[in-house]
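Take a look at the model below.

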Amino acid sequence: MNRKELIDALSTKTGSSKADADRNIAALIEIVAATLKQGDNVALVGFGTFEVRKRAARTGRNPATGAELKIKASKVPAFKAGAGLKAAVNGGKK
């Protein structure tokens, strides 16, 4: 499902306009991104948790030349599925 399909599904499910659904999805994305940027998690009980994980610095290789290169430490966004979402995907109920 892409963003347009998600907007269509949300507007159908809620009975709102597609413009309202688009604004709501955009707002949700902005809020999650801003919260993660501050270093906090976003926990939606039954759905999952958006969090920031730290990736340590490491040595990699250039695939073209085989030369070693240093890869800096970084922070990466991650999502950990909740029990309700896992159960829904596996056909069960939670």
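How much space lies in the largest pocket? About 210 Å³. Here a pocket is an open set of points on a 1 Å grid over the protein atoms alone, with protein on both sides within 12 Å along at least five of seven lines. The points are joined across faces, edges and corners, and the volume is the space filled by probe spheres set on them. Rolling a probe the size of a water molecule over the atoms shows where empty space is left.

This is a predicted model, in which local features need pLDDT of at least 70 and side-chain atom pairs count only at pLDDT 80 or more, while totals for chains, interfaces and linings use all residues. Residues are numbered from 1 along each chain as its sequence is written, and side-chain values use heavy atoms, with hydrogens and water left out.

Which residues line the largest pocket? They are Leu 6, Ile 25, Leu 28, Ile 29, Val 32, Leu 44, Phe 47 and Phe 50. Lining residues have an atom within 4 Å of a point. Helix α2 gives the most to this lining, with four residues. Helices (H or I, at least four residues) and strands (E, at least two) are DSSP runs, numbered from the N terminus.

Now the sheet. It is open, with three strands in the order β1-β2-β5 and antiparallel pairing. Two strands pair if DSSP finds at least two bridges between them. β1 (42-44) and β5 (74-81) stand at the edges with a single partner strand each, so one side of each has no neighbour in the sheet. From one strand to the next, the twist averages 30°. Angles run from 0 to 180 degrees between N-to-C directions, and axes are lines fitted to C-alpha atoms, for helices over the stretch in contact. Helix α2 (residues 18-37) packs on the sheet and touches β1, β2 and β5. The helix direction makes about 40° with that of β2. Contact means heavy atoms within 4.5 Å.

Go through the strand pairs. Three bridges join β1 to β2 (residues 48-55). Leu 44 stands opposite Gly 48, and Val 42 has Phe 50 as its bridge partner. Both Leu 44 and Phe 50 are among the pocket-lining residues. The hairpin of β1 and β2 has three residues between the strands, and Gly 46 takes a positive phi near 90° there. On the β5 side, eight bridges join β2 to β5. Lys 54 stands opposite Lys 75 in that pairing. Val 76, also in β5, is in contact with Glu 51, Val 52, Arg 53 and Arg 55, leaving aside neighbours within four places in sequence.

Buried means under 20% relative accessible area, exposed over 50%, partly exposed in between (1.4 Å probe, protein chains only). The Thr 35 side chain reaches the backbone oxygen of Ile 31 at 2.8 Å. Beyond residues up to four places away in sequence, Thr 35 touches Asp 40, Asn 41 and Val 42.

Finish in helix α1 (residues 3-14), which holds Ser 11. Ser 11 is buried, at 8% relative accessibility. Its contacts, leaving aside neighbours within four places in sequence, are Ser 16, Ser 17, Lys 18 and Ala 21.

Definitions and conventions:
Polar contact = N/O pair within 3.5 Å; in protein donor to acceptor, adjacent residues only side chain to side chain. 1 Å grid on protein atoms, 1.4 Å probe; cavity = no way out; pocket = protein on both sides within 12 Å on 5 of 7 lines; lining within 4 Å.
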